[in-house]
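Colleague: I'd like a close look at one part of this model, the charged side chains and how they pair up. Could you walk me through it?

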Amino acid sequence: MPDRPEIVCICGSTRFVDEMRAANRDLTFAGVIVVAPGEADELITDVQKTALDTLHLRKIDLADRVLVVNPGGYIGESTSREIAYATATGKPISFTDPV
């Protein structure tokens, strides 16, 4: 038995917030620690976006693996960057939909 639960970082486009919330819920009820993208109810500035993108890379650092929420196979620019970072750091990556 591991000393702690698995940690999974959810990545995906903010257009799929409902799907990411569902993945978060399912993983949490399965006993997984989930780190997910930050959410904002309003438009954010470019400075805020850059800060959130950098913060999300640190979340990937904390994770044991990455789950990409990609309904219909969609992967945007930010998510592509996160996948490349996770790959470069040796994190296993899985996808909710075929790529």
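Which residue does Lys49 form a salt bridge with, and how far apart are the closest N and O atoms?

Modeller: Keep in mind that this is a predicted model. Lys49 pairs with Asp53, and their closest N and O atoms sit 2.9 Å apart. Both belong to helix α2 (residues 46-62), where a spacing of four residues separates them by about one helical turn. Lys49 is partly exposed, at a relative accessible area of 34%.

Glu77 is exposed, with a relative accessible area of 65%, while Arg81 counts as partly exposed at 42%.

Helix α1 (residues 17-29) has a pair as well: Asp18 and Arg21 form a salt bridge at 3.7 Å, N to O. Here the spacing is three residues, so about one helical turn lies between Asp18 and Arg21. Asp18 is exposed, with a relative accessible area of 54%, and Arg21 is partly exposed at 43%. Asp18 is on the face of α1 turned away from its buried side, as is the exposed Phe29. As for the buried residues of α1, they include Met20, Ala23 and Leu27. Those three cover an arc of only 60 degrees around the axis, which puts them on the same side of α1. Overall, the count comes to nine salt bridges.

Note on methods: Residues numbered from 1 in each chain as written. Predicted model: local features only at pLDDT ≥ 70, side-chain atom pairs only at ≥ 80, totals over all residues. Heavy atoms only, no water. Helix = DSSP H or I, 4+ residues; strand = E, 2+ residues; numbered from the N terminus. Expected span 1.5 Å × (residues − 1). Buried < 20%, exposed > 50% of the residue type's maximum accessible area, 1.4 Å probe, protein only. Arc of directions from axis to C-beta. Salt bridge = Lys/Arg side-chain N within 4 Å of Asp/Glu carboxyl O.
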